[in-house]
Amino acid sequence: MAKRSGAIKSWVQTLDVAIAEGAEIRMICTTCKQYRDVDLVALRAKLGGSYSLINRRCRCRITPGCEGWNQPWYREGVYRHLWDEETNERWMRIDWERQRHVKNK
Ligand SMILES: [Zn+2]
């Protein structure tokens, strides 16, 4: 179970701030457990400095054919997750619904 943690730090709120603060952010897959460090500067060039990685996840782009989710983590001593409790519950609901639909087919 995910442990309830404090608020997400201000220095990872947007790409501009994260780059200025030298933040290290990586996407870790829920299924294959592989990770990829996010190139914050390249991402900013594409999406703009006000873009935030908080509460973002995407289908696994690390391992071909993997059905998992790549979820954002940031380093503060150890890696901490970059999503809040509310989003965690929403993601779990979505995954549970999907699982149920798959089983009913
Ligand atoms: Zn994966």
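**View 1. Strands E1 and E2 of the predicted model run antiparallel and are joined by three bridges.** Strand E2 covers residues 35–37, and strand E1 covers residues 25–29. Isoleucine 28 stands opposite tyrosine 35, a residue of E2. Together, E1 and E2 make a hairpin in which five residues lie between the strands. Within this turn, lysine 33 has a positive phi of about 65°.

**View 2. Strand E1 also pairs with strand E4, in the antiparallel sense.** Five bridges connect E1 and E4.

**View 3. Strand E4 forms a hairpin with strand E5.** E4 spans residues 69–76 and E5 spans residues 78–81; the two pair in the antiparallel sense over four bridges. Tryptophan 73 has histidine 81, in E5, as its bridge partner. One residue lies between the strands of this hairpin, and glycine 77 takes a positive phi near 80°.

**View 4. Asparagine 88 is located in helix H3.** The helix comprises residues 85–104. Is asparagine 88 buried, exposed or partly exposed? Asparagine 88 has 16 C-beta neighbours inside 10 Å and therefore counts as partly exposed, since a residue is buried with 20 or more such neighbours and exposed with 12 or fewer. Asparagine 55 may be viewed together with asparagine 88: the C-alpha atoms of these two residues are 8.4 Å apart in space, while the residues are 33 residues apart in sequence.

Conventions:
Residues are numbered from 1 along each chain as its sequence is written. This is a predicted model: local features need pLDDT of at least 70, side-chain atom pairs count only at pLDDT 80 or more; totals for chains, interfaces and linings use all residues. Two strands pair if DSSP finds at least two bridges between them.
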